[in-house]
Amino acid sequence: MKRLILGAAAAALCGSAAWAEGELTLQLKWVTQAQFAGYYVALDKGFYEEEGLDVTILPGGPDIAPTQVLAGGGADVIVEWMPAALAAREKGLPLVNIAQPFKRSGMMLTCLKESGITDPKTDFAGKTLGVWFSGNEYPFLSWMNHLGLSTEGGAEGVTVLKQGFNVDPLLQKQAACISTMTYNEYGQVLDAGLTPEDLVTFKYEDQGVATLEDGLYVLESTLEDPAMVDSLVQFVRASMKGWDYAAQNPEEAAEIVLDNDETGAQTMDHQLRMVQEIAKLTEGSTGALDEADYQRTVDTLLSGGSDPVISAAPEGAFSHVVTERAVE
């Protein structure tokens, strides 16, 4: 059975209703797009159904915080970036990473070449940089701390422009650089008429400050229910099958995403490009969290000088109990 719930009332519809065996609700980090192709493919191709699951996918949006939806009982599993998840955990929400389909980060700063920026260590100071918030700012803040740059402005620091989820600040030259994902906003910049030769990009991966993105998280209490763990094993196994299928069949995967986009806002060209770029981030992942990648993320977040994203190394922030069975 395929089920999609859209709109602001989605979480309320799911509410905190008692969990029924085989039913799972997944809250996405953002709107319906190929960033989540693996889940939509698994739904459309019947991979969840083959596992005996009835999965509901809730699209996200600018006013939806997956951690809050999970805390309020509106979802069983969420897609979230690890910096936001660990920050929420430190503040008291007992989130646990159960799987990590994305092995690499797609985040980068895209700068106008005319800004004169060639090296972040020497050229960011005094510049205005566009940054996403709502939990997406944590990797950026860690990076600036690594560089020893204040985010309060001035000649020796950077001025942070709270960036909307668009590329307008770069196009309108309100910022020297903006936050982009390799699979999304960078393409939007090119679609707007700029060329790669007009731009300079700095990938978080290349700068040594990449953190894990788009992991699957549940509450600790969820893992105390053996039947729920069984369903999560089935969910992760089917989801990874969906990701593999999407990588091998990008055009079909893009079409499936479009079929599930009730807003009509997406285009085939953009979604196809996104599927292909996302495949570079999931390549080599079995779904199991690599503890070296986890530790790199934690170390990056801890090395924030006087204002780290997290203040202490987390305990119990991930579990292999699901993936040990899902990827066997």
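Trainee: Among contacts between residues at least 6 apart in sequence, what share joins residues at least 24 apart?
Mentor: In this protein the share is 79%. Contact means heavy atoms within 4.5 Å.

Trainee: What sort of model is this, and what confidence limits apply?
Mentor: It is a predicted model, in which local features need pLDDT of at least 70 and side-chain atom pairs count only at pLDDT 80 or more, while totals for chains, interfaces and linings use all residues. Residues are numbered from 1 along each chain as its sequence is written, and side-chain values use heavy atoms, with hydrogens and water left out.

Trainee: How many helices and strands are there?
Mentor: The protein has 14 helices and eleven strands. These are DSSP runs numbered from the N terminus, where helices are H or I with at least four residues and strands are E with at least two.

Trainee: How does the radius of gyration look for 328 residues?
Mentor: It is 19 Å, close to the 20 Å from the globule rule, so the protein is as compact as a globular protein of that length. The radius is taken over C-alpha atoms, and the rule is 2.2 Å times the number of residues to the power 0.38. Along the principal axes, the C-alpha trace spans about 60 × 45 × 35 Å.

Trainee: What percentage of the residues counts as buried?
Mentor: Of the 328 residues, 53% are buried. Buried means under 20% relative accessible area, exposed means over 50%, and partly exposed lies in between, with a 1.4 Å probe and protein chains only.

Trainee: And how are the charges placed?
Mentor: There are 20 positive and 48 negative charges, and their mean positions are 4 Å apart. Lys and Arg count as positive and Asp and Glu as negative, with His and the chain ends not counted. Each charge is placed at NZ of Lys, CZ of Arg, CG of Asp or CD of Glu.

Trainee: Switching to helices. How covered is H5?
Mentor: H5 covers residues 82-90, and eight of its nine residues are buried. Among them are Met82, Pro83, Leu86 and Arg89.

Trainee: What do those buried residues pack against?
Mentor: They pack against helices H4 (66-71), H7 (138-147) and H13 (291-302), and against strands S4 (77-80), S5 (95-99) and S11 (215-219). After H5 comes glycine 92, with a positive phi near 120 degrees.

Trainee: What about H2, how many of its residues are buried?
Mentor: Seven of the eight residues in H2 (37-44) are buried, including Tyr39, Tyr40 and Val41.

Trainee: Which residues other than glycine take a positive phi?
Mentor: Lysine 173 is one of them, with phi near 60 degrees. Aspartate 214 is another, at about 50 degrees. Lysine 173 sits in the loop between helix H8 (168-171) and S9, and counts as exposed because its relative accessibility is 55%. Aspartate 214 is in the loop between strand S10 (199-203) and S11, and counts as buried because its relative accessibility is 1%.

Trainee: Is cysteine 177 buried or exposed?
Mentor: Cysteine 177 is buried, since its relative accessibility is 0%. It lies in strand S9 (177-181). Beyond four places in sequence, cysteine 177 touches residues including Leu109, Cys111, Phe124 and Leu170. Leucine 109 is 68 residues away in sequence, with a C-alpha to C-alpha distance of 6.0 Å.

Trainee: Where is glutamine 271?
Mentor: Glutamine 271 is in helix H12 (268-282), and it is buried at 0% relative accessible area. Its side chain makes a polar contact of 2.9 Å with the side chain of glutamine 266. A polar contact is a pair of N or O atoms within 3.5 Å; within protein, one must be able to donate a hydrogen and the other to accept it, and residues adjacent in sequence count only if both atoms are side-chain atoms.

Trainee: Last one, arginine 104. Which loop holds it?
Mentor: Arginine 104 is in the loop between S5 and strand S6 (107-112). It is partly exposed, with a relative accessible area of 28%.

Trainee: Which backbone oxygens does its side chain reach?
Mentor: The arginine 104 side chain reaches the backbone oxygen of lysine 280 at 2.9 Å. A polar atom of that side chain also lies 2.4 Å from the backbone oxygen of glutamate 283. Contacts of arginine 104 beyond four places in sequence include Glu205, Glu213 and Gly284.
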